[in-house]
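Biologist: Before we discuss any labels, could you show me the model, so that each term can be set against its definition?

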Amino acid sequence: MYFPKQIELIEVGPRDGLQNEPTFVATEKKQILVKLLATTGVKRIETASFVHPKAVPQMADAAEMARFSLGQGLSFLTLTPNQKALELAIQNNVTQIAVFVGASETFNQKNIRRTIDESLVECAEMFARAKEEKLFIRGYVSMCFSCPYEGAIAYEQVEKVVRYFVQHGVDEISIGDTNGQANPKIVYERFKKLTEDFPQTVFVGHFHDTNGLALANILAAMQAGIEKFDTSIGGLGGCPFSPGATGNVATEKVVSMLHQMGIETGIDEQCLGQASAYVQTMFL
Ligand code: HMG
Ligand code: MG
């Protein structure tokens with residue numbers, strides 16, 4: 001088995017976690033959570049999403065959260081689904097953006113109201129603009145293993161979006177098990193093939209934990225050489241356009257597993273415990 005010395009965890013709870021809450025979480029509470037997360041030693045936090053407030057009302061405070069994150073001196077990512085979002089991010093001095101395209105046609109249309117091909121054309125224009133502004137670009141590929149609308153997703157569907165992202169010079173690609181239905185075998189095989197086909201690309205594993213297999217999937221992805229994973233404090237979250245999906249794998253569980261295995265994350269478990277305890281109270 002392959003055990004890297006170090007793994008980077010990217011905290012996505014304030015975005016992927018809170019976007020799925022049934023009611024809007026007050027901006028002040030989000031800010032307390034982000035501050036607590038910043039004390040843990042996690043290097044990057046996804047703190048905002050410039051999406052349409054009617055589509056995802058929970059993220060309506062994106063500009064405020066971006067300004068707050070800047071004020072705290074954080075290294076933070078914001079989601080930008082289209083050109084309008086990118087311009088809003090630039091206006092708010094964001095330096096790291098994340099675009100997202102589905103490997104599943106039906107999901108992409110439900111999520112961002114575009115066909116995959118339309119999304120890719122828009123992405124090319126966004127990447128050019130983002131590069132002018134010297135932004136760090138993350139590309140998310142969603143539903144990389146299976147889809148609640150289409151069932152099994154073929155490798156070629158994932159590869160098409162990944163190749164486009166790579167050709168347009170994204171800085172990293174997060175491979176999403178958006179509905180949390182993947183298993184360690186397909187995860188290992190898919191990441192192995194991706195890393196063989198795109199040896200220069202930085203891949204990140206993004207596992208939702210619907211079936212309780214996310215930790216096993218992380219271990220499987222690690223065996224294929226993946227050393228960066230998205231995780232969510234308290235296991236918060238899901239995607240409003242992925243019915244039945246639960247939260248991302250909990251940061252606490254991943255940190256605990258990795259530390260027991262002697263793999264460094266740079267994250268302080270005691271501070272993480274405080275952030276986790278806050279999550280239990282923030283919806284009261
Ligand atoms: P649309 O309605 O198709 O946009 O929404 P449009 O271009 O047709 O414009 C319609 C109106 O919306 C216009 O306003 C625009 O200005 C406005 P009007 O002229 O009618 O007054 N508009 C916007 N307003 C605010 N922010 C914007 C924006 N864009 C246009 N960015 C859009 C397209 C993508 C915006 C919409 O469908 C949307 O916001 N979808 C939300 C998708 C989302 O947030 N999904 C969850 C995140 S993805 C995820 O969770 C997966 C991930 O975690 C990885 C994984 O797990 O796989 C990342
Ligand atoms: Mg997600």
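**Metal site, helix packing and exposure**

Modeller: Three protein donors, Asp-16 (OD), His-206 (NE2) and His-208 (NE2), lie 2.1 to 2.3 Å from the magnesium ion (ligand 2). The model is predicted, so local features need pLDDT of at least 70 and side-chain atom pairs count only at pLDDT 80 or more, whereas totals for chains, interfaces and linings use all residues. Residues are numbered from 1 along each chain as its sequence is written, chains are lettered from A and ligands numbered from 1 in the order in which they are written, and side-chain values use heavy atoms, with hydrogens and water left out.

Biologist: Why is Asp-16 called buried?

Modeller: The relative accessible area of Asp-16 is 2%, and buried means under 20%, with exposed over 50% and partly exposed in between (1.4 Å probe, protein chains only). His-208, also assigned 2% relative accessibility, counts as buried by that rule.

Biologist: How do you know whether Asn-217 is buried or exposed?

Modeller: Asn-217, which is found in helix α9, has a relative accessible area of 1% and is therefore buried. Leaving aside neighbours within four places in sequence, Asn-217 is in contact (heavy atoms within 4.5 Å) with Asp-177, Ala-182, Asn-183, Pro-184, Val-187 and Phe-207.

Biologist: Why does Glu-64 count as partly exposed?

Modeller: Glu-64, in helix α3 (residues 62–71), has 39% relative accessibility, which falls in the partly exposed class. Not counting residues up to four places away in sequence, Glu-64 touches Thr-27 and Gln-31. The C-alpha atoms of Glu-64 and Thr-27 are separated by 8.0 Å, although these residues are 37 apart along the chain.

Biologist: Why is Gln-270 called exposed?

Modeller: Gln-270, which lies in helix α11 (residues 269–281), has a relative accessible area of 63% and so is exposed. Asn-93 lies in the loop between α4 and β4 (96–102) and has a phi near 60°, a positive value in a residue other than glycine. Lys-134, in the loop between α6 and β5 (136–142), has a positive phi of about 55° although it is not a glycine.

Biologist: How do helix α6 and helix α7 pack, in angle and distance?

Modeller: Helix α6 (residues 116–132) and helix α7 (residues 155–167) pack at an angle of about 15°, with their axes 10 Å apart. That makes α6 roughly parallel to α7, because angles under 35 degrees count as roughly parallel, over 145 as roughly antiparallel, 65 to 115 as roughly perpendicular and the rest as oblique. Axes here are lines fitted to C-alpha atoms, for helices over the stretch in contact, and angles run from 0 to 180 degrees between N-to-C directions. Among the residues making the contact are Leu-120 and Phe-127 of α6 and Val-161 and Tyr-164 of α7.

Biologist: What makes α4 roughly parallel to α6?

Modeller: Helix α4 (residues 83–91) and α6 pack at an angle of about 15°, with their axes 10 Å apart. That angle therefore makes α4 roughly parallel to α6. The crossing of α4 past α6 is right-handed.

Key. Helix = DSSP H or I, 4+ residues; strand = E, 2+ residues; numbered from the N terminus. Donors = N, O, S within 2.8 Å, 3.2 Å for Na, K, Ca; no water. Left-handed = near helix turned anticlockwise from the far one by under 90°.
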